[in-house]
Each structure stands twice: as structure tokens, then as C-alpha cells.
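Dear colleague,

Please find the structure below, followed by a summary of the findings. I would be grateful if you would read the two together.

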Amino acid sequence: MTPLGAMNTLPEDAEVLAKKDRSRLIHPHLPGGVTDRVIMVEGAGCRLRDAHGREYLDATGGLLLGHVGHGRRELAEIAAGQMGKLEYYSSFHEFSNAPSIELADRLVGLAPAPMERVYFTSGGGEAVDAALRMARLYHHRRGEPERTWVLARNFGYHGVSYGGAAATGLPMFHQGFGPMLPHVRHLTPPMPFHPELYGGEDPTEFCLRELRETIHEIGADRIAVMIGEPVLGVAGVIEPPADYWPRVCALLAEHGILLILDEVITAFGRTGHWFAAGRMGVTPDFIVTAKGLTSGYFPMGALLVADHVADVLARDEGFVGGYTYGGHATGCAVALANLDILERENLLGAAVEIGGHLGDRLRRLEELPGVGQVRQVGLMIGIELTQDPDTGKPLSADRVPPLVRERHGIIIRNNPNTVLISPPLVMSREEADRVAAAVTEVLTEYTAGSRKGAAVPTASPSSVQSSVQSPVLDAPWELPPSMPELLAATMEWHFHPKTGSRFWLERAKRLDFDPRKDIRTEADLALFPNVVDELRDVRVEDLIPRGYGDERIPLDIYESGGTTGAPKRIVWLPDLHEQLTSWHSGVLDARGVARGVNWLMIGPSGPHMFTPMGRALAHRRGGVPFTVDLDPRWAKKCAAQGRHEDAKRYLEHVLDQVGEILRSQDVGVVFTTPPLLEALADQEELAELIGRKVRTIIWGGASMDLDTRGLFRHQVFPETRLLGFYGSTMVGAGMYEREGLTDDEPSTFDPPYPFISMRVVDPDTGRTVPYGERGQVIMNHLSRSMLIPNNLERDTAIRLAPAAGLTGDAVADIKPVVTFGGTKVVEGVY
Amino acid sequence: MSGSPERIHLDALGPDGPYRTQEREVVPDVTGRAAVELSMVPRLYARRSLAALRRAGTLPPDERTAALAEAGRLFATATLGGLSVERYQHAVARVSGLPVSLVREATGVTGADLAGAYGFAGQARPRGSRDAPHGTGNAVWIRRGDVLAALTAGNHPGLHGQWAQALALGYRVAVRPSRREPLSAHRLVTALHEAGFGTDRVVLLPTDHGVADILVEGADLAMVYGGDDVVDRYRGRTTVLPHGPGRAKILITSDTDGTRHLDTIVDSVARQAGAACVNTTAVFVEGDPAPVAEAIAGRLAGLPSLPPQDDGAVLPVCRVDTARHLEKFVHAAADGARGWLGGDTIVAELGDGSAVLRPAVFQLDRADAPQARLEMPFPCVWVAPWSRADGLAPLRDTLVLTALTSDQELIGRLLDAPAIRNLHVGDHRTDVLVPGLPADGYLGEFLMRSKTFTNGAPRGLAASTA
């Protein structure tokens, strides 16, 4: 093994590099606030050195590769030699090169039957995409074009290309990136350590039953392929029961469904075998590989394809679509030499030996209170942390790798609650001992602080009937339950088969978690995907929870958006209507807004919530509602298309109607939007009428800056109370401006927590911003009639602590985002 | 306006006087340090200010002439809003990066422009038109509206004398200052208020782009400074007068030895720090352009790199990163051209975060090369060959053309070309305006029109206007 050389990077250079890195590079999975950088400059075997001269022991192989270790001059020379001869030429069409031909032949020789052909890519993600495309094309060519569905598995990882990410069963790779590839269904994988996932059933039986039911539900003749990792890697090194894959394979074959085994992690020795498929006795139709193929000396992947599939793909016009660097001559030469090293140095055997040794030492950690299970397959190890082994409640592993690195100079990784170790296969026994000692020391201390978590009580299925009259769900909005109580009750209600809506029950099948078990805190609501896009075409009847019974209920349907696409719809049930108007009216009483006066709503009605809500409040408070309608979609279209003259004439038309009412009627409350209020202020007569007649102006539906609010307060309507309102149709409600704000304090809003709660997040990371900082608003609605969790609003705001006596976050200084979903937001037009 | 050595606060100047907003924009100096804090008015305030201007009456001509002269005097000499003239000039130099000597010169010019505004504006009056009815029948020169919005630029502090002519003609004016250099517009509006123009006759409304559109749409007429985008946007709008890039040019025909006119050429490129729209962008040479380019480069290479507040400064200064971006842009544009000067770098860092933009001279290989239209905010000139076969096409879209030629037939064709808006023949710098002659047409041509008035009513019922 080449020793690490003398340092040629000075610490001051390291600082310059780090600074440049921070300003120039986008790192995957790096939170915005992290400024630390570890700049690697050289490696040998399992050892690495950074730009400061610090040495590290690599117990991750980078990202589960590095099989032959770092710093192999032999591979560099092979690459240089090939580059000197022919660095690259396209493998499209009839072109080829000797190293790629040799490598393909070598791989087919190593792979289990019936792999006969190889398709080269630049990495595993591309190979996954290619496999999915090939699977669909295979059926298409065979006269079954409707076979497009892809079965994948929760917790599976298949890369972050759109095809691969769609198959990946980890929500973080979907959140904010949707819509994903359609026709993908995620199933439950067997995870014997988590019996709570299977309701008392044997995990394999559960998974097979679920697979059979899914095939039946979708229809075998509509399913193209299933994809899975033989051993769940990123999810925590989870090996399935021995009979799982063979039985899955047989069931799929019975229905003509192809199988892709994603062996990006497991192939080329990581498990002690060339391929995990052979070890498990599985005969897939595709094997996806990368990582160990070149040990990281060249970015490269290889998709191995069974002969019966390849025959179909190769016929007619062949397989359309390739990658520029597929079959790269230098990459293939490096891969061949890398396979030589694996073979020559018996690194597959080393993986078994060192992996077994490391596993033995680390398995003792299971005695620690915070360690749930230590799992080892070859030279990959997962240590799952748990707050309580009885409930499986996870304990975050985030801090473990930094501690191990800082204290011991050893690099390991983690997923949310599992410590992951996957060193190069050349790791020595002594180095493995160092890793074991370091991890043991840190975990012993780290888990000593963990405690058995008190599980939030959730309603049992047998209590469904009583939950229909749940005191929690029926609590008045003025007297709210606690958030945990409400969460438990709403999750049970909306996801129990007898009470949940068709929409949520169907949607639950595609969730990577069980809401009735996994949603215990407000933060857990972030597990939900943002479903509002699905509300554009859902049947509104499907949104009604079944627990309301079969009787026809008078519904109100409200819409949001509709300018750039189909509008999103929500259902207002009578009890929500009653709860909300009662709460609104209570707030208005508390603010001293007069009862018995007439209201004038100047704003959108039709499918919009704005005017109907005002009308309901006027009725409730003993006033007559007057309305002047406005079609915001028309106004926004005019603005977006630059048709300012049309917008101007429409505004004049609206103001004409306002004038007719203000001149002839008594109006005590005006409910409108800031832009319309500005337009009213421009009309001297209307401004004078409002100043003389109207005691309260409630403004909502758009943002208002401090200066404009000050002008309204002091110059335009000095005698009239101004009351801001911030709401969202998508969560069916809103909140009023906090009282007593001075001119330099932005409008601040406290939600009716816990029924409506808000988070303010960094849109790039999804993390909650600190108090006082601006981020994008996420709202949740939790009630008996509606569940809208994790709804990303098109607003930014400053996150503030709640007002005295209230709970949950407040938001201030609402401003529209510039773009939303890739579309420029048109604001301030109504 | 109030000021401290650290930061100058500029309030909006509305119909009710100074207005300090919560929304402020920080204007940095050339080192990037916050130098000015500017109150940015919201849409509602802008609309109410326009309404106030519309309600206000017009001062009688003699009063406004006197007030303009007094405002000019105050602008050029007085302490206004806590800023002495020296401190104002220093601040403008630090913020805009223009040499302080240029700012001083512009201060004097603006003062003189205001004193002469009524006379300058009157140059556009058609023969036979009068400002007021006279006798029983004549043409009366009347305003096309009441309120003008002036969206000004920050590339030169001397351009504000322009919109002041509208005041001279009786307009009420809403000025939106440049956010890059708002000090000059603020000082001028302050001077006008102190000189007797009511706060409801001229207002200063710093705004973002969205509210600026409200000003253009809400006023009767608007003059707008900007780039090609502005010109394209308002092309064809009879109520908006856009001022875009000047793309000034010099033409040297074969009967003239260009090197004998080197002073004129070099000054045209580099005076005004090369930042004005009348600075020469391209020099066209009939014959070999290389000797001319070489000679210009030789002269420009000697200009010193000094901070803007230095009395000897002649070149513009900006933040280092801005300078590097400009350099990258110019070098990319100059790809394929021969660099006589500035081909390696145009940036001379001053060590405090600022950098001098050094001159650049590039030689092009054909008259219609697109780079010849590239106007930069520093002395940057493109020297290209020109032949009779190229015709006038490369010379069009030009605010000022100086023709060094004795070819009378060519001069006649240049004079007839409407896309060449000003023509000098012989030794006349492109950046020197001739007092009393139009800079880009007369502003009065845009602001006013003639109207027939005959009066057959009994004496004593004559209308009056002004």
C-alpha cells in the first residue's frame, strides 16, 4: 500500500479553498448553515488526509465504495496507459472499443445466470433509469404497452435521477421535487426488527400478501417491473429473511413482471460475494451495479441484463437512449484492473473476515440502552439506534459521525437513526479494531443520555366508534386540546378505514410511514408529502371522511389558484363552518368590532372563500352582507399578460359598484384586499365615504408593507380601525393581525393553534428557520372534517414566538414568493 | 435629508414634505460600504403624490423663472439638507465612482442649466407660436399635459437640468431618482423647494421598478432613462420619451489624417470618465484603422488610476467584483478583436475593495461588427475600418457623430440621416454639447404642442394661459 506522502497543501491554502468551496460549490445533503469543510487531498488504503494535514481512517469507502482502497498507483497507470492509447469514443450505434467488450465479457462471466448482456453507464443512478426504461420497453415491444407500473419498496434507495428517485422509498427525495414519475407504488419491505410494521403478521408473509394484493389491485397486466435492493443499504443494512426474495421472484415470474435487483452497493464483494443475487438464489432480469465496479477510480456503472430481455431490446431499432460516457474505454480498462485486484487479493474473502470481526465486536453494543440492533452483512454494518426497543421509537444518529470523526479521526456515516459503516475491503484487522473501539466509546456515551420515550397514546382501532364523538375533535376552537391529543385523534380519524376519507385512505398506501403510529409531534407532519396538487382533480366527494356517514351532507367547495392550472379544491363541511365562524366572531368581539353593523365584502366570491366567509360572519354578527364580486383569475391573467388597460377598466367597474353601495347604504365593516383598498384611496369620494361610515376595515388576501399600512392608518383612513387577516384557502382558515403593533412592527399573525399551525422553513433544506428569520410558510390544518398537513404556501414570512398565552409559531411580514412551482407569482392585483 | 459621516439618509420628498419610510434601500460606495440610506415609497404614496401634483396649480412664468434661477444658485453653492456642496460632491464621487472634478463641473452646469431653463426650453418653440394668446389670432404653445414623471439615471450627475426644463414650461414633476446615485436628484428637488417651488409641484419619489411603472402610467408624460430594454419597451408610446444608450461615433474618411485629430478623439472617448452617453463608443476609419487605434491606445494608457475623490482622478471607479464582471464581459465581447489596450486587464484595484476601470481600445475587422454598438460605462472604444461600400448603416443609431471629413456630399447624407441625431463636422468632441442647441432633439418638442387660438369675443374676455 502506498504510504501517504508529504503534505503539499498549507493550512492557509486550506482556508482559501474552504472559503472558495463555500461560495462556489453546491454539496449534496449539506444544510445551508454548515460552514465546516473537510477538503481531502490524498489517500492510501483506508487512510485519508485533508488539506489541513489531518489524517482520517475511512470507514465508509466514501459512499459505500472504495473496495480496493485509496491510492492504487496501478490503477492510475492503467488509466494513463489507456488514455494514451484511446481515451474515449462513443459506444452508440455500431461503435465499440476493446476494454468495454472485455469488461462486458468478464462481468457476464462473474454474474449469476441468466445475465448475458451489459449496458454501461456513468454510475448507478443512470443504470437504474436505464433498467426502468428497458423494463417498460420490453413489455411494449412484446405487445403489452399498458405494463407501465413500477413496484418499489419503502426505505429503498435507487438514486436521485427522476426515475430512480421515484422508485426510492425515502420521502426526503420526493419532498419539494414533485410531481414524481407516475405509476410507481411503494410496498413494505421485510424488516424483522420492526414487527410493529406488520400488525403481528410474519414480515415475509405480510410483504408477500401485500405484493399479491397490489398485483391484484393494479392488475398484473399493467405492471412492468419491481425494483429492490437485495439488502437495504442506505436504510440501514437490513437483510431480508432468506425466503423473501426467492418467493417474491417466483410471484413476479408467475405474473410476467420483471425484477430489477439494485446491487449498486452489494455487488463486487461488499457482501463477500461477487453479487448478492447469487448468494440469495435469486434470478433477476436486471442487475444494477456501479460503485465497486471501479472502486471509485472512475465514475461508472453497468447494467446487467438477462438474455431473454436483451433479445427483445436488441431487436427492431434496438434500445433507444444511451449515455455519453457509456462504455468509456478508460473507465472499462480501470474496471478490469480493479476486478483483477479484487480477485488477486481475495478481497471478497477479506470482506467476510474483516466484516465478521467488526460485526462481532460491534454486536456487543446491543447491550447499550439506545442501540436497537447491530446488523452486519459482509463488510457493511448498520447500528440502529432507538429510544425504546419496545416501541422502536428512533433515536437520532446525526451526532454520532461528527463525534467519531472529531475524537478519533474515523469517518463513518449515518441515516436518520442508524450508524453506517462500510470501509474499503482492504481494511486491516487493526484498523477494524480502531473503528470498533471508537464507535463503542462514542455510542456508549451518546446513548447514555437516551431515555425510554413515552409514547403518545393513540386510539386503538376498537375505539373508532367512540372517536366519532371524540371530545378532542369536537373541542371548540376557543378551547383547543393539546397538539399531541389532536394529532392522535385526527390521525386515527382520517386514517382509520371506517372513518377516513377515500382520498386519504388511498393516499396512505403510498406513504412511507403509518400516520396513526408515526405522527406524534407537530414536526412529524413534515413526513407528509404536500398533497395540494392532488386536490386539483380529486372528486370532492372523496375528500369527505367516511365517519360522517352515508347521509348527504350540504357541502361548500372552495377553490384556490386556477390562474396557471386547474384550481385546487377543498370541502367545507357544516361542522367546520360552524367551528370557524364561531372562532372568527369571538376574535372580532375581542377586538371590539361592532355587532349589528352591515358588512361590505369587496373581493372574490364564486368558488372562492373570501366573500362567503365574510357573508357568514355578517349573518352571525347581526349585519347585512353586501358584496361586490371580483374574479381574481381574470385580474391576474390581465396582469400576467400585460393587459393593463383591461385590468384598469375592470377595476373601475368594481369601484363603480362599491360607490353605489357606499352612497346608498349603511356599512360598518369593509372586508377587502390591500390593492383594492389602495384603489379606493385613490377615489376621493369613496375614501371620504369610508372614512365617514366605516368603523372597521378588514384587509386580507394579499400582503401589506409597513409604509402602506402606516399611510392607511394615519393619512387615508385615520378614523377607521384597520385589521389585517392572513389566511389560506388550502387550509380552510386564517388568523388576525396581532393587536397593538406600532408603525415599525410588521403585521404579525397568530394561528388558531393547534387546529391551524405553521412552520417557517428554509425552502432549500425544509428545516425550520430560527425565530426572527425569514422563510417560506408551511401550514397544517387538523380537524375532524379536514386534514391538510405540510402545505407549502406561496408566502414567505418571519418566524416569531407566539404571543403571550398562545402556543405555536406566529408569522410576520408576509410577502409573496417570487415564483411558485416554477411559475412567476402574480400578486397585488386584487 | 440628514447626514452623518457614516451614512447619509435621504428621505422621499413628497407633497407634504420629507417622508421617511420603513422600507429603505442602502446605496453603497465604491468600496461596498453603506454610504446612503434611501427611503423607498410604496405604490400608495406614489399614487397619492401624483394626485397632489395634479391638484396643484402652475406658478406664473416669471415666478418659476426666478425660482429656477434661485434653485440653480442654491444647488451649486448652498448647504442643503445638511450637506455642503463640497460634501455632496464628495459623496456623489464616492457613490457613483465618477471623478470628483467631473461632479464639480456638473454641479456648476446644473446650476447654470436651471437659471437658463426657461430660455433653453423656449428654443423648441415653433416660429409663430407664443406662450400666451396675443391679438386676435395666433398659435399658442401649450403643454401636452400637467404632470411629468422623470425616471432619471445615475451615470452622470449633470443630466438633471433636462427635466428642470419641464418645470420652466409649467409642468409639475415627479422625479424618480436613480437608486445608484440618488444624491443629485435629491439635492435638486430640495433646492427647488427652498427656492419657492411648492412641495406639491415637484416631488422626489424613490421607488422600486414596480412602483416606477405606476409613475409612468399615472403621469401625463414621462421621460425615462435606461438601456435598450427601456427604449424597446416605450418605442411607439407618444407619451413616453425614452433616453437609451448614445453609441456616439467618430468617422474619419481617407481625406483626413485621423492622428492629427487625436486630442478630439481621445477626449471624446475619455472625458466625462467615459461614462456619459455622449462619449465615443466607436471610431470608423476609412483605410487602415490600426494607426488610429494604436495612437488612441498610446494616449489613453497614460491616464492615472486614482480614487474618485482625488482631484486628479479622470477614470471611473467601482467595486472590484463589479469591475471584474465588466472585464469578463468586455473580454468575452472582444473575442476575435485586436486589443490595443485593456486586452489583458481593465481593472486596477485600489486596495480598499474598489477598482479603477482602465481604458480599453479594440480594433475590429469590419464596420458592421456588433461590438461597435457596445457602449460601456468607462473609456472603451472600438476602432473599425469603414469604406464607402459600408455606407451609412454602421453609423446609424447614434446620438452624436463627429465626422472628420471634407466630403461635402457625405456630410449632406449624414445630415439627412434621422438615425444620426446630432452631427458635428470637424474638430468637435462628441461629448461637448453646444449651449442652446438640441442634445437629443429639444425637450420642448416632446412636452409642448402648438394650438390655434383666435379670439372674436368682446375685448376683456381674452383667455389666458401659461
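Helices (H or I, at least four residues) and strands (E, at least two) are DSSP runs, numbered from the N terminus. This is a predicted model, in which local features need pLDDT of at least 70, side-chain atom pairs count only at pLDDT 80 or more, and totals for chains, interfaces and linings use all residues. Residues are numbered from 1 along each chain as its sequence is written, chains are lettered from A and ligands numbered from 1 in the order in which they are written, and side-chain values use heavy atoms, with hydrogens and water left out.

Most residues other than glycine have a negative phi, and most peptide bonds are trans. A further cis bond, with omega about 0°, links A:Tyr753 to A:Pro754, and A:Pro754 sits in the loop between β25 (748-749) and β26 (756-761) of chain A.

Turning to the interface, chain A contributes 17 residues and chain B 13 residues to the contact (heavy atoms within 4.5 Å). Three salt bridges cross between chain A and chain B (a side-chain nitrogen of Lys or Arg within 4 Å of a carboxyl oxygen of Asp or Glu). A:Glu684 pairs in a salt bridge with B:Arg55, their closest N and O atoms being 3.6 Å apart.
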